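Take a moment to look the model over and turn it around.

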Amino acid sequence: MAFQIELEQHRKALIVRLKGELDHHTADLLKARMEDAIEREGALNVVLSLRELSFMDSSGLGVILGRYRQIAAKGGRMVVCDVAPHLVRLFEMSGLFKIVTMAPSEQAALAGLEVAL
Amino acid sequence: MSASVFRNAMTLQFPSLSENESFARVAVAAFVSQLDPTLDELMDIKTVVSEAVTNAIIHGYEGRPDGIVTVRATIEGETVRIEVEDQGKGIEDIEQARQPLYTSKPELERSGMGFTIIENFMDETEIVSAPGKGTLIRMAKRIESRRKQALFN
């Protein structure tokens with residue numbers, strides 16, 4: 001039930017792996033960690049890996065949209081990968097796929113960013 | 001002879017602390033489990049409880065930890081009814097609050113999708129609210145898997 005964040009600075013993108021439950025209570029932590037990594041490490045692109053995310057609600061959508069705006073302002077892109085079916089519905093409902101790409105895996109997400117650059 | 005309808009009920013009450021968002025959705029999901037829902041149905045229930053309780057904490061009590069949130073759930077046959085109530089500041093314009101992407105708190109990075117998600121995941125949704133009088137969200141959902149199963153019994 002706890003929420004964990006793993007950050008890895010890859011050559012092409014900041015990889016953010018989420019584990020557990022992302023809600024209003026845990027959203028602030030994700031916001032702070034990602035904001036810091038994007039600003040301090042100068043990350044341009046973000047790959048959000050949701051393979052081990054067991055729950056997310058609209059509070060998670062808010063943080064993801066906020067970080068998208070942060071990198072989009074610098075010309076960066078965001079890719080989400082390993083998205084469970086119930087989260088796909090949530091993303092579709094909010095129109096997130098209009099701005100964020102979905103990939104089946106981290107590798108595919110990184111490969112997609114390579115091609116686009 | 002008419003078959004008797006299965007009924008059950010529960011009530012939870014807790015202070016408006018964000019720690020209780022996961023407690024509330026897990027407790028209601030455990031209660032609903034007796035209808036043998038699918039994983040998708042259970043995820044829908046968890047999500048809407050999370051949305052409604054988060055609304056009570058953020059908007060009803062504006063982050064104050066001393067409010068009381070009440071969650072009631074009933075099972076009647078194959079239908080689950082859930083109510084989430086607060087005695088907070090209430091909603092001035094319910095129509096506006098229901099609009100997708102609308103949020104009264106953009107500075108908090110709210111997505112404005114709470115009510116849209118609730119209305120999409122539940123079969124019935126009703127919002128009762130007035131400024132200064134708190135907010136009551138009533139929701140209902142039929143658990144389909146239970147219905148299909150019943151056909152074979």
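Let's start with a hairpin: in chain A, strands β1(A) and β2(A) form one, with 4 residues between them. Strands and helices here are DSSP runs, numbered from the N terminus: a strand is a run of E with at least two residues, and a helice is a run of H or I with at least four. Two strands pair if DSSP finds at least two bridges between them. β1(A) and β2(A) pair in the antiparallel sense over 6 bridges, and Ile5(A) has Leu18(A) in β2(A) as its bridge partner.

Before going further, a word on what you're looking at. This is a predicted model, in which local features need pLDDT of at least 70 and side-chain atom pairs count only at pLDDT 80 or more, while totals for chains, interfaces and linings use all residues. Residues are numbered from 1 along each chain as its sequence is written, chains are lettered from A and ligands numbered from 1 in the order in which they are written, and side-chain values use heavy atoms, with hydrogens and water left out.

Back to chain A. (Axes are lines fitted to C-alpha atoms, for helices over the stretch in contact, and angles run from 0 to 180 degrees between N-to-C directions.) What about a parallel pair? Strand β2 (residues 14-22) and strand β3 (residues 46-56) of chain A pair in the parallel sense over 8 bridges. Here Arg17(A) stands opposite Ser49(A) in β3(A).

Now chain B comes in. Contact means heavy atoms within 4.5 Å.

Chain B has a sheet too. In it, 5 strands form an open sheet in the order β1-β2-β3-β5-β4 (chain B), and the pairing is antiparallel. At its edges stand β1 (7-15) and β4 of chain B, each with a single partner strand, so one side of each is left without a neighbour in the sheet. The twist averages 10° from one strand to the next. β1(B) and strand β2 (residues 68-76) of chain B pair over 9 bridges in the antiparallel sense, with Ile68(B) in β2(B) as the bridge partner of Pro15(B). Strand β4 (residues 124-129) and strand β5 (residues 135-142) of chain B pair in the antiparallel sense over 6 bridges. They form a hairpin with 5 residues between them, and Gly132(B) in the turn has a positive phi of about 80°. Helix α2(B) lies across β1, β2, β3 (79-86) and β5 of chain B, running at about 175° to β5(B).

The rule finds 5 salt bridges across the interface of chain B and chain A, a salt bridge being a side-chain nitrogen of Lys or Arg within 4 Å of a carboxyl oxygen of Asp or Glu. One such pair is Lys46(B) with Glu21(A), whose closest N and O atoms are 3.8 Å apart. Over all chains, a search of the whole structure finds 26 salt bridges. Lys46(B) lies in helix α2 of chain B and Glu21(A) in strand β2 of chain A, so this pair joins two chains.
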